[in-house]
Amino acid sequence: MESWIGALDANDEKAAGIARRRLVARGGAAVPLLVDVLRQPKSVAQYRAALRALGELADAGHISEMAALRALLLEHLRTHDGGERRSVVHGLGRLGVDSAAEAALISLWAEEKRDDQLRVLAEALGRVGSSASEAALSQNRSVAPLVLREVAKARAALQTRQTKQTRGEGRVRGDKIWEGAAIRLRCRSGLGDLLRDNLPPAVEAASETAPGQVDAKLRGSLDELLKCRLWSEMVFRVAAPAGFAAAMAGEAGAFLRAATEGAPTWRLQLPQASRGQLLDYVRAAQEAAPDLLNSPERAVWEVRLLSNEIELLPRFWRDTRFQYLRQTVPAMTHAPLAAALAALSEPRADDVVWDPFCGAGTELAERAQAGPYAKLIGSDRDAKILQIARENLAGVARLTLSQGDALALRFPDVNALITNPPYGRKVQGGNVEKLLRQLLENASRNMKRGRIVLCSPLPSETWAWAKALGWNGRTRLPVGTDGHQVEAQLFTRS
């Protein structure tokens, strides 16, 4: 680590950055060496790099002696070098809430006249302060846009902290009954109609307005949406014809207050905006609705501004649908897609279901949720993956998991096959065409009748092969998944 400490002083910024990251990766072991740099730095560059590294370690919880480090930084706070002073202020902010640091920073804030220093001071006060910092920031004398933005951000952070202390951490009210709230549900492209057909009675007037996007009205609680397992994202929709700040002062703000227990905190997602533009939106919204607090670190709601409406995504709401996923495996089927495949299979109580490539077990878990069945069978070549499936499927009744080659295994009682077979680089040997053809041939040997549901990356070929093997093609749904365009297909044979 000594060599990395020395490299912090390098003229090469890339080399210095690599050294800093390596020191941070060592965790608490690097802290004493970095503190020694603060006491006797070789250069301003090394000093600033050490401060930054200590700040990152503090964020990660690797500094146990924060009080000692804070005291050391306070000794350096009045340094005459502007760059060093900014680094010290930034470091104090990264160490978190503290009354001594707050008092020192407020004193410096009252004296400081340079905008570059005021920006860093505002940010630090937002991290370490209390109501005293908020009062000091409200007396800001600078008119520089960058300072105004940082002050607004800091005041919002301070107000959020105070509100959480008095009202508690916010959470979405999943049990609140809505009388026609506008919602939007998203799923994989191509599955919109299937999603719409599987929505609970509380969802009315559902229509697919874009591929994989269903708009509807909710007459009931948010928790009732958990009865549908096919959607991957749910948002509330609020009209914003007069702009973001006006909506937060009006309908959107009223909605957030009604839908949140505790502090109704939010963060804005506006990917195309610069940081400055984003802060301007936030500042305007905070002025229009001061009780609705912006909190980038732990926001109850994610707010998205579209052309003429706002989407409100509940972040701290307990989606319990897929809690069985204790472990995952690479390239596993996403649970909402697995639920869609299970729904497409037209579940029946006498089903003996086989997933030849069961992976983490999502298809079998979702089939168990879809309705009564006689038996579930999963197979995979990899014993370690089967163990993960066994953990995820713990508690599922009438389940058999077998290790073996899906192209050779025999399960003569099977009457429903549901699978998302490997394709692309996931195929052992790289020949996806051969794998799919042999899969259908083996399924035909195992199944005298029943249904086959699979995601096919070669839809025309599998459609033709299955029909040649005596299966009736019933449904074809183009589905976008993980960069691939596949087709969910349903075949039947009686």
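Student: Which residues in H6 meet which residues in H7?

Tutor: The model is a predicted one. In it, Arg85, Val89 and Leu92 of H6 meet Ala101, Leu105 and Leu108 of H7. By class, the residues of this contact are 5 nonpolar, no polar and 1 charged. H6 covers residues 82-94 and H7 covers residues 99-111; their axes lie 11 Å apart and the helices pack at an angle of about 145°. The crossing of H6 and H7 is left-handed. The general rule behind such contacts is that an α-helix has 3.6 residues a turn, so residues three or four places apart point the same way.

The aromatic side chains come next. Over the whole structure, a search finds 11 aromatic pairs. One of them is formed by Trp231 and Trp317: the ring centres are 6.2 Å apart and the planes are at 5°, so the pair counts as stacked, the cut-off being under 30 degrees. This pair links distant parts of the chain, 86 residues apart. Trp231 is in the loop between strand E4 (213-221) and strand E5 (233-239), while Trp317 is in the loop between strand E9 (309-314) and helix H15 (335-344). Trp231 is buried, with a relative accessible area of 3%, and Trp317 also counts as buried, at 13%.

Phe244 and Tyr281 make another kind of pair. Their ring centres are 6.3 Å apart and their planes are at 65°, so this pair is edge-to-face. Phe244 belongs to helix H12 (residues 244-249) and Tyr281 to helix H14 (residues 275-288), so the pair ties together parts 37 residues apart in sequence. Phe244 is buried, with a relative accessible area of 4%, whereas Tyr281 counts as partly exposed at 33%.

There is also an aromatic cluster, made up of Trp178, Phe236, Phe255 and Trp301.

Helix H16 (residues 362-370) can be described by its buried residues, which are Thr362, Glu363, Leu364, Ala365, Glu366 and Arg367. The elements covering these residues include H15, E10, strand E11 (375-380), E12 and strand E13 (416-419). Gly371 follows H16 and has a positive phi, near 155°.

Positive phi is also found in residues other than glycine. Glu346 has a phi near 55° and is placed in the loop between H15 and strand E10 (352-355). At 27% relative accessibility, Glu346 counts as partly exposed. Arg398, which is not a glycine either, has a positive phi of about 50°. Arg398 is in the loop between helix H17 (383-392) and strand E12 (399-403), and its relative accessibility of 46% makes it partly exposed.

Terms used. Residues numbered from 1 in each chain as written. Predicted model: local features only at pLDDT ≥ 70, side-chain atom pairs only at ≥ 80, totals over all residues. Heavy atoms only, no water. Phe/Tyr/Trp six-rings, centres within 6.5 Å; stacked < 30°, edge-to-face > 60°. Helix = DSSP H or I, 4+ residues; strand = E, 2+ residues; numbered from the N terminus. Buried < 20%, exposed > 50% of the residue type's maximum accessible area, 1.4 Å probe, protein only. Axes fitted to C-alpha atoms, helices over the stretch in contact; angles between N-to-C directions. Left-handed = near helix turned anticlockwise from the far one by under 90°. Contact = heavy atoms within 4.5 Å. Nonpolar A, V, L, I, M, F, W, Y, C, P; charged D, E, K, R; others polar.
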